[in-house]
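Hi,

Here is the structure I promised to pass on to you. Have a look at it first, and then read on for what turned up in it.

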Amino acid sequence: MTPPKVSDIGTPAEASEAPPAVSVCLETLKNRPDFLRTAQGRRQGTGSFLVQARAREDGAAVVRIGFTASKKIGNAVARNRAKRRLRALAREILPSHARAGWDYVIVAKPEATISRVFADMRADLISALVSVHRGRS
């Protein structure tokens, strides 16, 4: 059997054009101290999840986002599904509603994050962000 022609496979650039996990204007929180500092900031609970937010003092204009799903959510499959839904929600809502220079952590709630209708989750995140930023400049 002969290998396929190069033109049939496609170029490697096509594979790398997939959209990033969150967005171009958003960075992902990866270090525990960042999550802990954000947990000390403002909080707003919703029916689907908890939003934690804080303004950073570093002067960077980038928005950073983190996701948390504890073992209360369920097994690894359930936790990953909850985080996938939260990432999709953040990718859709945060570019237009988040503030530059802020860190956000979205914490999944047992049962609710996986089973809630996605349109309701959108409304929850928008109202949570408005509430977190209320009275702030």
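This is a predicted model: local features need pLDDT of at least 70, side-chain atom pairs count only at pLDDT 80 or more; totals for chains, interfaces and linings use all residues.

First, the overall picture. The protein has six helices and five strands, and from the N terminus on its elements follow the pattern α-α-β-α-β-β-β-α-β-α-α. Of its 137 residues, 35% count as buried. The protein exposes about 8400 Å², and carbon and sulfur atoms supply 53% of that area. If you take the contacts between residues at least 6 apart in sequence, 81% of them join residues at least 24 apart.

Now to the sheet. How are the five strands arranged? They form an open sheet in the order S1-S4-S5-S3-S2, with mixed pairing. Strand S1 (26–28) and S2 are the edge strands, each pairing on one side only. On average, neighbouring strands of this sheet are turned by 25° against each other, direction ignored. Helix H4 (residues 76–97) also packs on the sheet, where it touches S1, S3, S4 and S5; the direction of H4 makes about 160° with that of S4.

As a reminder for going through the pairs, strands of a sheet pair through backbone hydrogen bonds, either parallel or antiparallel. Both kinds turn up here:

- S2 and S3 pair in the antiparallel sense over four bridges, and Arg42 stands opposite Ala53 in S3.
- S3 and S5 are also paired in the antiparallel sense, over seven bridges; here Ala53 stands opposite Tyr104 in S5.
- S4 and S5 pair in the parallel sense over five bridges, and the bridge partner of Gly66 in S5 is Val105.

Is S5 mostly covered or mostly open? It is mostly covered, with six of its seven residues buried. S5 also takes part in a β-α-β unit together with S4 and H4, and the handedness of that unit is left-handed.

Next, helix H3 (residues 32–39). Which of its residues are buried? They are Asp34, Thr38 and Ala39. Seen down the axis of H3, these buried residues fall within an arc of 135°, so they line one face of the helix. What do they pack against? The buried residues of H3 pack against strand S2 (42–45), strand S3 (49–55), strand S4 (63–68) and strand S5 (102–108).

Finally, a look at the loop between H3 and S2, which is where Gln40 sits. Why does Gln40 count as exposed? Its relative accessibility is 68%, and exposed means over 50%, so Gln40 falls in that class. Gln40 and Gln52 are twelve residues apart along the chain, and their C-alpha atoms are separated by 8.1 Å.

That is the tour. I hope you enjoy exploring the model, and do write back with any questions.

Best wishes

Methods: Residues are numbered from 1 along each chain as its sequence is written. Side-chain values use heavy atoms; hydrogens and water are left out. Buried means under 20% relative accessible area, exposed over 50%, partly exposed in between (1.4 Å probe, protein chains only). Helices (H or I, at least four residues) and strands (E, at least two) are DSSP runs, numbered from the N terminus. The arc is that of the directions from the helix axis to the C-beta atoms. Contact means heavy atoms within 4.5 Å. Accessible areas come from the Shrake-Rupley method with a 1.4 Å probe; for residues, only the protein chains shown count as cover. Two strands pair if DSSP finds at least two bridges between them. Axes are lines fitted to C-alpha atoms, for helices over the stretch in contact, and angles run from 0 to 180 degrees between N-to-C directions. A crossover is right-handed if, with the strands pointing away from the viewer, the path from the first strand over the helix to the second runs clockwise.
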